[in-house]
Amino acid sequence: RLLDAPQKPAIQRSEVRGQRSEVAAPAKRPGLPGWVWGVLVVIVVGAAVAMFSTHRPVPPANPRPETQDSKPVDLADAKSIAVLPFENMSADQGNAFFCDGVQEDILTNLANIRELRVVSRTSVEQYRNTTKPIRQIAQELGVKWILEGSVQRAGSKVRVTGQLINAATDEHLWAKAYDRDVTDLFAIQSELAQAIAVALQTALSPEEKSLLQRRPTDNPAAYDLYLRARHFRNTGVNSFDKIEPLLRSAVELDPNFAAAWADLAALEAYAYFNDTDHTPARLAKAKEAVDTALRLAPDDPAVMEGAGDYYYYGYRDYARATEQYLRLAQLRPNDPVMFYSLALIQRRQGRWADSLENFRRAIQLDPSNLNYGLQFLQFLGATRRNDEAEALARHLVQAFPQEFNPVWYLDLTSFLARGDTAGLDAFARRSFPAANAALFNYALRVNARLRGDFAEAIRLDREQRYNDSYGESHWSQDVAAGLTLADAGDTTAARARAAEALAAMKTELELQPDNVTLWSALAVAHALLGEKDDALRCAQKAVDLLPESRDALDGPGTAVVRASVLARVGEKDQALAEFARLLQVGFGANVYMARGIWGFTSFQPLKGDPRFEALLKDPKNNAPLF
């Protein structure tokens with residue numbers, strides 16, 4: 001059987017816009033920022049950063065509507081396992097990050113064993129401090145085996161315990177305790193993983209044994225810093241300023257710490273991609289980190305993932321990113337992160353059907369990941385698969401009752417699908433905990449602009465000029481406010497707000513000359529000021545920097561901004577032709593959004609033109625795009 005089996009999953013190749021890319025072919029056994037409609041890209045990125053977010057939800061049901069035909073993933077077999085959060089037994093409760101790090105590393109080690117199906121960290125996080133019986137947890141997660149454990153750290157000593165439980169019988173197959181020096185922690189993790197493999201009658205290949213026995217670092221202090229950075233990321237403290245210094249310090253203590261270099265490369269590249277710091281200097285730091293990681297350990301799974309993120313977020317080099325993710329998928333055929341990463345890439349390549357299936361697969365394997373659900377939801381909405389989008393939105397509200405975003409997104413999704421303002425109106429009457437007050441204000445402002453209720457949007461803007469809930473820059477908020485004032489008929493106030501934004505953006509542009517969002521916002525500000533030539537020049541610059549051929553997700557959004565600028569400066573024929581085209585492009589225009597304002601895009605100057613109104617009423621312009 002071993003001799004007959006292929007050494008690697010089959011790969012099928014396809015040509016996409018003249019560029020060769022790879023996707024995993026279906027195996028015989030289970031194998032293998034955001035909504036660009038204006039401000040919603042900011043919402044998605046801010047609410048659920050693709051790389052660095054986690055939640056503690058109620059276990060959801062299958063999020064896909066019943067009308068979709070797809071075989072669900074069967075995890076409840078003899079080799080499926082969930083590693084529950086370990087209990088921190090240390091006297092110093094500040095060691096929680098260390099305890100969580102040990103649990104995650106054990107989980108990752110198990111994921112490196114191809115025959116095992118391991119539930120993700122995100123899905124098991126909800127069972128921290130739970131009182132639910134083991135059998136119920138296993139049923140909710142769809143597994144046969146549960147690993148419980150604890151970590152106690154005192155000075156240079158560490159005690160790790162683990163017990164493997166057959167969930168069907170509640171029988172403890174074995175319990176083990178390891179008392180070692182902290183420097184032997186990786187050996188403990190390796191021994192635990194191998195003991196589980198033996199118990200589940202899983203044969204380990206030489207490659208898998210090598211992965212389990214690797215030592216990421218020999219410096220305990222560097223490992224501590226690395227775990228602290230990961231803890232911030234996993235608990236939603238996604239501050240670049242908190243995480244980056246920890247990883248920098250880790251690689252300074254151990255320059256051979258390849259996994260830390262890989263995480264640093266991904267972090268720096270994402271800061272560049274997400275316009276946190278879209279400068280050559282930031283990209284150079286990412287390159288230094290990834291080059292170092294690849295030189296030290298090119299076959300380390302952590303390095304493969306970091307390198308894939310670097311190519312994706314640093315250069316939009318989808319082919320090289322896919323290559324790295326597929327290498328990792330060969331090592332971890334049941335890892336939802338790989339399907340999710342491929343879905344994100346294929347989405348930017350305009351490969352809608354491939355992206356759809358990989359999103360579904362990722363969510364089936366990790367149903368408790370809210371970030372996956374939100375990203376899939378915006379994909380469905382942007383390609384006008386409206387029935388499935390609304391079904392998923394309703395499911396997310398039920399599965400994550402304590403979260404703010406699913407509630408808002410449900411109403412937004414209904415509006416995008418049918419122009420239904422009832423949900424947006426009802427949302428304004430909802431009550432949320434005080435902790436969500438800023439989010440609520442932000443959402444109300446977006447909703448008012450979408451509905452075309454400019455008076456209410458202006459009132460909310462006066463109540464709180466800037467809202468930093470989703471990380472949107474102040475100059476971007478000023479441009480949106482200027483559009484609102486202009487469409488409400490207050491040209492003087494609109495120009496004053498645009499002039500303020502323009503001054504701030506020109507300063508920012510000196511630091512980030514290739515920032516696409518800046519160029520788009522500059523175009524709108526110039527248009528509000530009546531500076532037609534500058535408006536058109538900046539709009540074209542944004543499109544040139546990020547054409548649709550390079551990015552099928554963000555590129556169309558940039559083209560939509562350009563079309564709206566054309567309309568505002570009086571080029572209505574061009575604007576109408578471009579708007580009509582973008583109605584047939586994924587992540588392009590939406591007939592209901594075009595009735596109001598979103599982000600810094602508005603088609604109000606076309607309102608009343610028979611050609612524009614005909615486009616809004618034509619059913620084909622709201623039909624699914626694939």
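Select Arg332 first. Arg332 sits in the loop between α12 (318-331) and α13; helices here are DSSP runs of H or I with at least four residues, strands are E runs of at least two, and both are numbered from the N terminus. This is a predicted model, where local features need pLDDT of at least 70, side-chain atom pairs count only at pLDDT 80 or more, and totals for chains, interfaces and linings use all residues. Residues are numbered from 1 along each chain as its sequence is written, and side-chain values use heavy atoms, with hydrogens and water left out.

Is Arg332 buried or exposed? Arg332 counts as buried, at 8% relative accessibility. Buried means under 20% relative accessible area, exposed over 50%, and partly exposed in between, with a 1.4 Å probe and protein chains only.

Now show the surroundings of Arg332. Leaving aside residues up to four places away in sequence, Arg332 touches Thr108, Ala111, Asn112, Pro301 and Glu305. Contact means heavy atoms within 4.5 Å. Pick out Asn112: its side chain and that of Arg332 are joined by a polar contact of 2.7 Å. A polar contact is a pair of N or O atoms within 3.5 Å; within protein, one must be able to donate a hydrogen and the other to accept it, and residues adjacent in sequence count only if both atoms are side-chain atoms.

Next, salt bridges. The structure holds 52 of them. Each is a side-chain nitrogen of Lys or Arg within 4 Å of a carboxyl oxygen of Asp or Glu.

Select Asp551 and Arg348. Their side chains meet in a salt bridge, 2.6 Å from N to O. The pair links distant parts of the chain, 203 residues apart: Asp551 is in the loop between α24 (532-545) and α25 (554-568), Arg348 in helix α13 (residues 336-349). Asp551 is buried, at 0% relative accessible area. Arg348 is buried too, at 1%.

Move to Lys532 and Glu571. Their salt bridge has its closest N and O atoms 2.6 Å apart. Lys532 lies in helix α24 and Glu571 in the loop between α25 and α26 (572-582), 39 residues apart. Lys532 is partly exposed at 32%, and Glu571 is partly exposed at 24%.

Then take Glu115 and Lys79. Their side chains form a salt bridge of 2.6 Å, N to O. Glu115 is in the loop between α2 (96-111) and β5 (117-118) and Lys79 in the loop between α1 (40-47) and β3 (80-83), so the pair ties together parts 36 residues apart in sequence. Glu115 is partly exposed, at 37%.

Last stop: select Glu104, Asp105, Arg121, Arg230, Arg233 and Asp263. A network of salt bridges links these residues.
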